[in-house]
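Good morning, and thank you for coming. I would ask you to keep the structure in view while I speak.

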Amino acid sequence: MSELWCDQGQGFHPASTSDYLPVPQLRDLQLRRLKSVVRRAYDHVALFRQRMDEKNLTPNSLRSLEDLRRLPFTQKSDLRDTYPFGMFASPMQEVVRVHASSGTTGKPIVVAYTREDVAVWTSVMVRSFAACGLHQGDIIQNAYGYGLFTGGLGAHYGAESLGATVIPISGGNTQRQIMVLKDFGVTAICCTPSYFLHLLDQCQALGVNIRELPLRAGVFGAEPWTEAMRLRIEAESNIEAFDIYGLSEIIGPGVAIECGHHTGLHMFEDHFYPEIIDLETDQPVPDGMEGELVLTTLTKRGMPMIRYRTHDISAIIPEECPCGRTIRRIERIARRSDDMLIIRGVNMFPSQIEAALLAIEGTLPHYQIILSREQGLDQVEVQVEVTPELFSDRVSALEDLQTRLARGIENSIGLRVAVRLVEPHTIQRSEGKAKRVIDRRTL
Ligand code: DLL
């Protein structure tokens, strides 16, 4: 990893040579790294070796980047099935950090970083911030959550290494966020786009004119958002809004980022190799066509991921970007091919709510999850039918059930939700697949 740092008159700026490598050199580098990461996964991850053996493949089968398509996919369920550490390729002594993210059931998926992985992660976050025009002298309010979620620490290390001043405020406590935004001369903010909309609403309610503050950039990600949201954010706050993409399984934030042209997200493909596969056939599609994004980590040591199915829908943009970066762009991610929901930046699956409901007696397996947005904040209501016996019971029994369900769901997904108990047969039945989720979130 050779990151060139040079003084461009505004403090130290990462010139990020890796963003501008001549394409043949980049492909060479990718192939060399791919061979080495496949070897590492084969030697140290039993599940990967077994899948390769089943296909009669060895790391030596890989001669070109195109050969990648012959390799087996990795799925989120593989991480769940080998919970907690089964996909690690490094001994625990070399793992300096773990993070975790929601799986489809009660258990999270766990990801590992060696010291080298943290350094790579930091470098791609530095390159991300630089693509947003940030540098030493910027004051970055980092409102991504710190903890098992990768957002907080990922952005933190990157911002610090950039030479900027980081305010590690983490998520939540909107009044304090606004006070800091106002009083600390913040020039950039990192948070989910929906939380920023909430901040805008609250600024207005508190009579704070955000347009008069030095804030000039927002680095928004961890959930899908739209061009309409960007337009509203930029018009109301007079900042430039950048889309940042990433996922725990691959590294966290910093897999791809928009540059100032805002025409897709540049993938740091010297570290993460993208493929797009057809949703029906699972076969790679040509550049420009939409499909599921599949990612291979080229340099990860702690937990390499080979052909990881993100379930995020995107396309590779074949045209060169006017910014001159040679790393390719992907289309912004607007939807997924599975039923994962992202609520206030937290990932969850309806199956997690279902499991929490089924664990408690008195409910019927009929429920619906209703998502809405109030003052920019996602709200979740879980409507659940209760048994006829319970419904004719005392009010206190119903209240008690409601509390237990809310607690069970919160334990499972880590978010407080409103639970509404409804009479048997009130939730609309569907003739085919049950419609479990009604998403009324707009803007
Ligand atoms: O959300 C990492 C992250 C943190 C990215 C902060 C950006 C900023 P996970 O919690 O593992 O990791 O969730 C990953 O979130 O597969 C997408 O479905 C979704 N996602 C992340 N960024 C974007 C984005 C972090 N910019 C999952 N646009 C991914 C759309 C996004 N969806």
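I begin with Asp282, which is partly exposed, at 27% relative accessibility. Please bear in mind throughout that this is a predicted model. Asp282 is found in the loop that runs between strand E12 (272–277) and strand E13 (291–297). Its phi is near 65°, a positive value in a residue other than glycine.

His262 also deserves attention: this residue is not a glycine, yet its phi is positive, at about 50°. Its loop lies between strand E10 (252–258) and strand E11 (265–267). With a relative accessible area of 21%, His262 is partly exposed. The cut-off matters here, because a residue counts as buried under 20% and as exposed over 50%.

One further backbone feature is the peptide bond from Tyr83 to Pro84, which is cis, with omega near -5°. Pro84 sits in the loop between H3 and strand E3 (95–101).

I turn now to the helices. Two packed helices are described by the angle between their axes and the distance between the axes. How are H1 and H2 packed, in angle and in distance between axes? Helix H1 (residues 23–44) and helix H2 (residues 46–54) meet at an angle of about 105°, and their axes are 5 Å apart. The two helices are therefore roughly perpendicular to each other. On the H1 side the contact is made by Val38, Ala41, Tyr42, Asp43 and His44, and on the H2 side by Ala46, Phe48, Arg49, Met52 and Asp53. Sorted by class, this contact has six nonpolar, one polar and three charged residues.

Which residues of H2 are buried? They are Leu47, Phe48 and Met52. Seen down the helix axis, they fall within an arc of 135°, so they line one face of H2. Their cover includes H1 and helix H3 (76–81). Just after H2, Asn56 takes a positive phi of about 55°.

A second pair is helix H4 (residues 115–131) and helix H5 (residues 150–162), whose axes come within 8 Å and cross at roughly 70°. This makes H4 roughly perpendicular to H5. Among the residues that meet are Trp121 and Phe129 in H4, and Tyr157 and Leu162 in H5. The contact of H4 with H5 has ten nonpolar, five polar and no charged residues.

Finally, the core. In soluble globular proteins, nonpolar side chains tend to be buried together. Here the largest nonpolar core has 76 residues, and those with the most contacts inside it are Val38, Phe129, Leu134, Ile140, Tyr245 and Ile330.

Key
Residues numbered from 1 in each chain as written. Predicted model: local features only at pLDDT ≥ 70, side-chain atom pairs only at ≥ 80, totals over all residues. Heavy atoms only, no water. Axes fitted to C-alpha atoms, helices over the stretch in contact; angles between N-to-C directions. Helix = DSSP H or I, 4+ residues; strand = E, 2+ residues; numbered from the N terminus. Parallel < 35°, antiparallel > 145°, perpendicular 65-115°, else oblique. Contact = heavy atoms within 4.5 Å. Nonpolar A, V, L, I, M, F, W, Y, C, P; charged D, E, K, R; others polar. Core = buried A, V, L, I, M, F, W, Y, C linked by side-chain atoms within 4.5 Å. Buried < 20%, exposed > 50% of the residue type's maximum accessible area, 1.4 Å probe, protein only. Arc of directions from axis to C-beta.
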